[in-house]
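Dear colleague,

I am handing over the structure below, and after it you will find notes on what was found. Please read them with the structure open beside you.

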Amino acid sequence: MWEQFADESENSQYDGQSKTDSHTKNKDLAEKYIAINNEVFDYAHSLGLKVYTHNCRGNYASRHFGSGTYDSIADLFLKKQNYDRFYLEWDDERAGSLDSLNALKYKDCEVVLGFLSSKTSTLDDEDRVYDLLEEASKIIDKDRLYLSHHYGFASCDNGNELSHEEQWAKIRQGQKIAQDFWGE
């Protein structure tokens, strides 16, 4: 959960004595994690493997955990990590603006945009999703973008608070939006 390093995260587990000390310690720790990850990615790439990541913002029985935005961590966790595909969640305002996608603009990677929610029982606002897809495609080439629900429908033993029919309706909605937007 990279947003745990975000300055504005209400659930940060990396608090220090003062804001300045905390920020420095957080950045140092983040840099260590990134260096370790990139060593693993380099080795995986040398074997011909692709490496994907999903930044989980928390999902337990239709509830979230992470509250920090991508805005304050994009230059660390998006720009500096060598993943081949990033699964990012933007199902609500907790993630911040799409400006953080600029950190991935010139990287050789794919971006899966979690603009659809798997936590709520109602269908998503399609106009919102189309607007976000258009905005994202102005930052990153459309052929590198994908649409997804922000997370799976059962990330814990009891799943989210949705019926099977509500889940299938959400999947059908996502397929329709993707087909309309990409024309495939």
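Arg85 counts as buried, at 15% relative accessibility, where buried means under 20% relative accessible area, exposed means over 50%, and partly exposed lies in between (1.4 Å probe, protein chains only). Please keep in mind that this is a predicted model, in which local features need pLDDT of at least 70 and side-chain atom pairs count only at pLDDT 80 or more, while totals for chains, interfaces and linings use all residues. Residues are numbered from 1 along each chain as its sequence is written, and side-chain values use heavy atoms, with hydrogens and water left out.

The side chain of Arg85 forms a salt bridge with Glu110, the closest N and O atoms being 2.5 Å apart; the term stands for a side-chain nitrogen of Lys or Arg within 4 Å of a carboxyl oxygen of Asp or Glu. This pair links distant parts of the chain, since Glu110 is in strand β3 (residues 110-116) and Arg85 in strand β2 (residues 85-89), 25 residues apart. Helices (H or I, at least four residues) and strands (E, at least two) are DSSP runs, numbered from the N terminus. Glu110, for its part, counts as partly exposed at 23% relative accessibility.

By the salt-bridge rule the count comes to seven, and Glu126, Lys176 and Asp180 are linked in a network of such pairs. Lys176 reaches Glu126 with the closest N and O atoms 3.4 Å apart, and because Lys176 lies in helix α4 (residues 164-182) and Glu126 in helix α3 (residues 126-139), the pair ties together parts that are 50 residues apart in sequence. Lys176 also meets Asp180 in a salt bridge (3.1 Å, N to O), and here both residues lie in helix α4, four residues apart, about one turn of the helix.

With kind regards
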